[in-house]
Amino acid sequence: MEVAVQIFCGGFSGTAVPFEAVEEKLLSAIKRFRVTKVIMGWSTEKSLYEKTAALLLKHNIEFYLWFPVFSETGALRDLSPLVDYTGNIIERENNNSSENFFFCCPNDRFNIAKITGIFNEHFSSIKFRGIFLDKIRYPSFAGSRGKDGVFSCFCPECMKIYLNENFDVEKLKLSLYDPDFSLPGIKRYYGNGRYEFYDKVMSSFFQIKKNIIYFSLQRICMYFRERNYKIGLDVFAPFLSPFTGQDIVKLSGLCDFIKPMMYRITNAPAGLPYETEALQRHTGNKTIGNKFFSLDFCVKELENLSLESFCHVYAGIEINRINNIAHTDPVYIEETINAYLKTGIRGFTLSWNLLDMPEDNIEKAAQLL
């Protein structure tokens, strides 16, 4: 079974991790797994990538830059932010984390040009085989602004889209201003991230968001294809993805592999219980419950995705252990890997940071893979 490994080497601002730490963990992983891809980002410390590229070249392993797109990049460029339905800018969060989850408008063509400009300035000279695009979405209900982040964007460029699509913006806003707002009931759940709402305005809104993400990513992927890079995409679990503007199957046609984040016990962004609880809390919708991150449900999600995807699927599982965020242990690793092995996926992405993976988790994963 093929294995991709993720390494978080530091944010756009701050100090990068030392190469020696990366080298030690990588050499250990290469001995134990069939590592075909290493995904690392997103510090701008070029020497770290150059040393890592040279190491991976010796082992014939593809090197991917882990590159956030519609979030985090605002640390390096002045990007047009999202505008909520009240007309207010969704401000940058004030925190000291290496991730700020400050999203820009994905529909703004100037944002797209600036984002590819970041790559050109900081990373184009490094010998990457591919680009792994992260944060290719709108905020989720778990973001700091809750539903205000999800129901965006209403900037002038996005308003032009709504007008061209004959979308009833005022009707949507009327429901959002209701202090007792709850997401209208789901009429039908097809599996693999396809919903239909009783409220057609709501269905249209989420479809427009998916179209915006797709066409913007199409432009970004074309930029990298023209420069002969392979492309991987970081995506939410299928049942969560529509609320962030991701049509995973359609997006899979733009890339070489996708990594659905099937983080069953992570209490942080993209973690299934974390995101589901936020969805329930901000919408009053209890139709999406704990079954949506049970092992059986996740297996079914991956089976469907493997059948429908236009590219390879590498299931993302949390191997790192972080206090109060990801209480992983060998038992969890074993039951998850054994179940996912039966789904038809091409491989696993050991996530989300090799440097935080304890030895007992790595050893158990190595026994199974």
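Analyst: The second largest pocket holds about 250 Å³ of space. Of the 14 residues lining this pocket, A53, A54, L57, F63 and K127 sit closest to its centre. A quick word on terms: on a 1 Å grid over the protein atoms alone, a pocket is an open set of points with protein on both sides within 12 Å along at least five of seven lines, a cavity is a set where a 1.4 Å probe fits but cannot get out, and lining residues have an atom within 4 Å of a point. Points are joined across faces, edges and corners, and volume is the space filled by probe spheres set on them.

This is a predicted model, where local features need pLDDT of at least 70 and side-chain atom pairs count only at pLDDT 80 or more, while totals for chains, interfaces and linings use all residues. Residues are numbered from 1 along each chain as its sequence is written, and side-chain values use heavy atoms, with hydrogens and water left out.

Back to the pocket: α2 (46-58) and β3 (62-68) each bring at least two residues to its lining, and α2 gives the most, with five. Helices (H or I, at least four residues) and strands (E, at least two) are DSSP runs, numbered from the N terminus. By class, the pocket lining has eight nonpolar, two polar and four charged residues. Here Ala, Val, Leu, Ile, Met, Phe, Trp, Tyr, Cys and Pro count as nonpolar, Asp, Glu, Lys and Arg as charged, and the others, Gly among them, as polar.

The largest cavity holds about 60 Å³, and its lining includes S140, F141 and E275.
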